[in-house]
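Please look over the sequence and the model first, then read the points below.

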Amino acid sequence: MSQLPVRPGRIRRAPEGFLTPEQVGDVAAGRRDFLRQAFAAASVTALGVSAAHAADGDPAILNLPEHSTSLGRPVAERPYGLPSQYEAGLKRRESPGLTRVAAASVSFAPLQGLFGIITPSGLHFERHHQGWHDIDPARHRLMINGLVKEARVYTMDDLMRLPSVSRIHFIECGANTGMEWGNVAVPTVQYTHGMLSCSEFTGVPLSVLLDDCGIDMKRAKFVLAEGADGSSMTRTIPLDRALDDVIVAWGQNGEMLRPENGYPLRLVVPGIQGVSWVKWLRRIEVGDQPWATKDEAVHYIDLLPDGTHRQYTSIQECKSVITTPSGGQTLLDRGFHNISGLAWSGRGKIRRVDVSTDGGRNWRTARLETPVLSKALTRFNIDWVWDGSPAILQSRAMDDTGYVQPTYRQLREVRGTRSIYHNNAIQSWKLAESGDVSNVQAY
Ligand code: MTE
């Protein structure tokens, strides 16, 4: 793990001469006043800076640059749009040495560079057990068999004419943050928490298909989902969940799924660890007991301190992380900073997120940005004035069941330090006097 490329995130700069905490006054007196004062001071400084630069020949404000005086590029030059060339550093990254072959590996989403709650499809994390494929939808089929009145085989056309739904949900690999169980292992939020993404998925509810085939309700208790790749990826899902909010999806963020994310068909199992979101979905079998396949008997089980393990602990419990400032970033100036992050729960909605800047001694409640959706990422923000002294930044989420995200100490008391899956502990970022932010475990 020590060979990870330690790449600083986007460097955040507040204008020089920004407000001191004393000038800002009492933050609690009102966020609007606070921001008004902050921006007034900032713009005075900014004007001073621009005028000085303009005198040095900086064209940004007073001299019109070429793009303001010439014809731009034509429409449809790029029939499918791409990010700006200046955003080339924002990308999925793999962790060299994590797995022996790149086909059976992970690429992490750059959470430190994203806004809001939707992950752009091209930056959605990837986890493949046996590589990805670009499957011809005309040849793809979905079979439903087992304890049903009539087994059926559907084409993509058959599926896409059925009543569809579109819902925003997060997907988190059960192994997300799995490298940090015993100690700090990786430097940035991309590597600590980047097996996490959130999209609007479109598809037909699985309940519609099961109804179409006629489940044997007396005997049926579980379904098994199977993928069409070479990894024999199969996962058991209890029938009550399968009939609840599970979607057989072809759409992601308004377009077809990307091949890396299961094109043309994947299962969306809201709130449940990513492994059950079977990609390149080819078969659903209805049965009366769990299958205990390799990916639920050998992998994706929770090792406990006494050497036993827990099986079928699929729900992704409530969790949060500050994405800016986060490990690898640098605050260049003291003064106002927006602390921003993500919170989520596999059990429902986020009710509250508290943020500490002193390692958990004091907490303030962050603003939850709308929409706050069930089993989706929720964006939180909180104002902060950094006085230049060392700080430990943490976020602690609570979901609408009342469950509160645990500290490392609390989690380790129950789970030990040698697990892989389901680490939802509070993340700490240490801010040094230099402004450098690094990954630490405060307790
Ligand atoms: N489905 C198939 N068929 N093959 C796979 O390797 N990986 C699983 C799941 N579905 C996998 C799969 C795992 S472990 C995770 S975390 C998610 O897909 C990752 O989905 P993503 O690659 O779209 O992020």
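The model is a predicted one. The structure holds three aromatic pairs, and two of them are described here with their rings and positions. There are 22 residues around the ligand.

**Ligand surroundings**

- Among the 22 residues around the ligand, the nearest are Phe125, His129, Asn261, Arg266 and Lys279.
- The side chain of Asn261 has an N or O atom 2.8 Å from an oxygen atom of the ligand.
- His124 places a polar side-chain atom 3.3 Å from an oxygen atom of the ligand.

**Aromatic rings**

- A pair of aromatic rings is described by the distance of the centres and the angle of the planes.
- Phe108 and Tyr191 form an edge-to-face pair, with 5.3 Å from centre to centre and 70° between the planes.
- This pair links distant parts of the chain, 83 residues apart. Phe108 is in the loop between strand E1 (106-107) and strand E2 (126-127), while Tyr191 belongs to helix H4 (residues 189-193).
- Both Phe108 and Tyr191 are buried.
- Phe201 and Trp277 also form an edge-to-face pair, because their planes stand at 65° and the cut-off for this class is over 60 degrees. The centres of these two rings are 5.5 Å apart.
- The pair of Phe201 and Trp277 likewise links distant parts of the chain, 76 residues apart. Phe201 is in strand E6 (residues 196-205), and Trp277 is in the loop between strand E11 (266-268) and strand E12 (281-287).
- Phe201 is buried, as is Trp277.
- Another ring, that of Trp363, has the charged end of Arg396 sitting over it, 4.1 Å from the ring centre.

**Helix H8**

- Helix H8 spans residues 408-415, and its buried residues are Tyr408, Leu411 and Arg415.
- These three lie on the same side of H8, because they cover an arc of only 70° around the axis.
- Arg409, Glu413 and Val414 are exposed on the other side of H8.
- Strand E13 (302-303) and strand E14 (309-310) are what the buried residues of H8 pack against.

**Cis peptide bonds**

- The peptide bond from Thr324 to Pro325 is cis, and its omega is near -5°. Pro325 is in the loop between strand E15 (319-324) and strand E16 (335-344).
- A cis peptide bond also runs from Thr370 to Pro371, with omega near 0°. Pro371 is in the loop between strand E19 (367-368) and strand E20 (378-386).

- Ser232 is not a glycine, yet its phi is positive, near 50°. It is found in the loop between strand E7 (222-227) and strand E8 (234-238).
- With a relative accessible area of 47%, Ser232 is partly exposed, as the cut-off for exposed is over 50%.
- Asn253 is not a glycine either, and its phi is positive at about 55°. This residue lies in the loop between strand E9 (247-252) and strand E10 (255-256).
- Asn253 has 25% relative accessibility and therefore counts as partly exposed, since buried means under 20%.

Methods:
Residues are numbered from 1 along each chain as its sequence is written. This is a predicted model: local features need pLDDT of at least 70, side-chain atom pairs count only at pLDDT 80 or more; totals for chains, interfaces and linings use all residues. Side-chain values use heavy atoms; hydrogens and water are left out. Buried means under 20% relative accessible area, exposed over 50%, partly exposed in between (1.4 Å probe, protein chains only). Helices (H or I, at least four residues) and strands (E, at least two) are DSSP runs, numbered from the N terminus. The arc is that of the directions from the helix axis to the C-beta atoms. Contact means heavy atoms within 4.5 Å. Rings of Phe, Tyr and Trp (its six-membered ring) pair if their centres lie within 6.5 Å; planes under 30 degrees apart count as stacked, over 60 as edge-to-face and the rest as tilted. A charge sits over a ring if NZ of Lys or CZ of Arg is within 6 Å of the ring centre and within 35 degrees of the ring normal. A residue is near a molecule or strand if one of its heavy atoms lies within 4 Å of it. A polar contact is a pair of N or O atoms within 3.5 Å; within protein, one must be able to donate a hydrogen and the other to accept it, and residues adjacent in sequence count only if both atoms are side-chain atoms.
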